[in-house]
Amino acid sequence: MKRRKFLKNSSLSTAVFLSAPLFASGENKKIKKPTNEDKTIKPIVICTWNFKNANNKAWEILSKGGNSLDAVEQGVMVEEADANNNTVGLGGRPDRDGNATLDACIMDKDGNCGSVIYLQNIVHPVSVARKVMEKTPHIVLAGKGAEQFAYEQGFKKENLLTEKSKQDWLEWRKTSKYKTIINIENHDTIGMLAMDKNGDISGACTTSGMAYKVAGRVGDSPIIGAGLFVDNEVGGATATGVGEEVIKTVGSFLIVELMRQGKSPQEACEEGVKRIMAKNKNREDFQIGFLAMNKKGETGGYCVHPGFTYRKATKDSNTNEQVNSFYKKDEIQNNN
């Protein structure tokens with residue numbers, strides 16, 4: 001027993017002696033192995049369509065170390081304030097009664113979210129949605145209640161109809177014919193996803209909805225899980241196009257869950273569109289576009305018809321990305 005104990009102690013002493021120079025020498029520092037975290041692209045911001053000014057604003061905030069929630073809010077606010085954008089905020093085309101009504105939502109890294117529906121007379125619905133998230137125990141405020149809350153929070157009452165949007169509406173009234181037109185801005189949205197330097201993801205979505213819609217109509221944009229969803233452990237997704245079809249599949253939530261199961265953002269967006277088309281066999285009269293980003297900063301997009309793009313900004317590039325589509329140009333029989 002004494003001999004075995006002696007040999008054991010001797011072996012330990014030898015090991016300590018041999019390893020001592022490794023700890024003592026400054027030339028033998030432990031080398032850090034690459035991890036998935038090292039490969040993450042951050043910060044990064046993406047948005048539906050080629051809204052360059054909005055994406056640039058968000059990137060400005062991220063590049064200075066700002067957080068993703070501020071980035072997406074201030075990013076989409078650029079389009080809300082642009083009177084020349086007829087699908088969002090000021091200058092958005094009205095419903096068939098001539099009233100401009102806005103929908104928006106926002107979601108942060110912790111899963112907190114806020115939404116406003118059928119909001120009138122306020123230029124920045126996304127900011128009102130953030131106030132709903134931060135200042136109330138609720139998630140959604142609608143109509144006159146949302147408008148009154150906005151005034152209480154200091155927002156000013158403004159006429160959202162520009163002369164152009166009013167004249168466009170008066171021209172439409174001559175026929176009062178309602179239809180969606182593929183990739184024409186009568187049913188568009190800006191959805192934005194951002195990841196900051198800390199790897200935290202937030203998202204925002206805002207729209208004036210379908211032009212000349214039935215008064216009171218609400219699409220997917222302000223619906224958490226349909227027009228927008230963020231899970232900071234996985235990633236985020238947003239949608240554009242005909243919201244009724246997105247709502248039926250809870251589209252953005254579906255895409256995030258597909259990413260949770262291991263699909264890339266591209267694969268998840270493709271699956272999301274294909275599920276919609278499986279319920280709309282041979283239909284060619286509407287557009288849907290999905291956009292997604294995961295925790296590595298990988299992005300993807302997919303749509304029903306050719307034409308959907310998304311803007312992407314990182315420290316290395318600022319580009320407008322083309323996406324693939326379910327239908328190809330030579331497959332379309334009747335593009336209504």
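Contact here means heavy atoms within 4.5 Å. The model is predicted, so local features need pLDDT of at least 70 and side-chain atom pairs count only at pLDDT 80 or more, while totals for chains, interfaces and linings use all residues. Residues are numbered from 1 along each chain as its sequence is written, and side-chain values use heavy atoms, with hydrogens and water left out.

**Stop 1: serine 325**

Select serine 325, which sits in strand E13 (residues 324-325); helices (H or I, at least four residues) and strands (E, at least two) are DSSP runs, numbered from the N terminus. Leaving aside residues up to four places away in sequence, serine 325 touches Tyr302, Cys303, Val304, His305 and Pro306. Its relative accessibility is 5%, so serine 325 counts as buried (under 20% relative accessible area; exposed is over 50%, partly exposed in between, with a 1.4 Å probe and protein chains only). Next, show the backbone oxygen of tyrosine 327: a polar atom of the serine 325 side chain lies 2.5 Å from that oxygen.

**Stop 2: aromatic pairs**

The structure holds four aromatic pairs. Rings of Phe, Tyr and Trp (its six-membered ring) pair if their centres lie within 6.5 Å; planes under 30 degrees apart count as stacked, over 60 as edge-to-face and the rest as tilted.

Select tryptophan 49 and phenylalanine 308, an edge-to-face pair at 5.1 Å centre to centre with 80° between the planes. Tryptophan 49 is in the loop between strand E1 (44-48) and helix H2 (52-63), and phenylalanine 308 is in the loop between strand E10 (299-303) and strand E11 (309-313), so the pair ties together parts 259 residues apart in sequence. Tryptophan 49 is buried at 12% relative accessibility, and phenylalanine 308 is buried at 0%.

Move to phenylalanine 229 and phenylalanine 253, an edge-to-face pair at 5.1 Å centre to centre and 80° between the planes. Phenylalanine 229 belongs to strand E7 (residues 228-231) and phenylalanine 253 to helix H8 (residues 251-260), so this pair ties together parts 24 residues apart in sequence. Phenylalanine 229 is buried at 15%, whereas phenylalanine 253 is partly exposed at 34%.

**Stop 3: helix H3**

Select residues 68-80, the 13 residues of helix H3. From first C-alpha to last, H3 reaches 18 Å, close to the 18 Å expected at 1.5 Å a residue (1.5 Å times one less than the number of residues). Asparagine 67 caps the N-terminal end of H3, with a side-chain oxygen 3.1 Å from the backbone nitrogen of leucine 69; a polar contact is a pair of N or O atoms within 3.5 Å, where within protein one must be able to donate a hydrogen and the other to accept it, and residues adjacent in sequence count only if both atoms are side-chain atoms.

Colour the buried residues of H3, among them Leu69, Val72, Glu73 and Val76. Their cover includes H2, strand E2 (102-107) and helix H4 (125-135).
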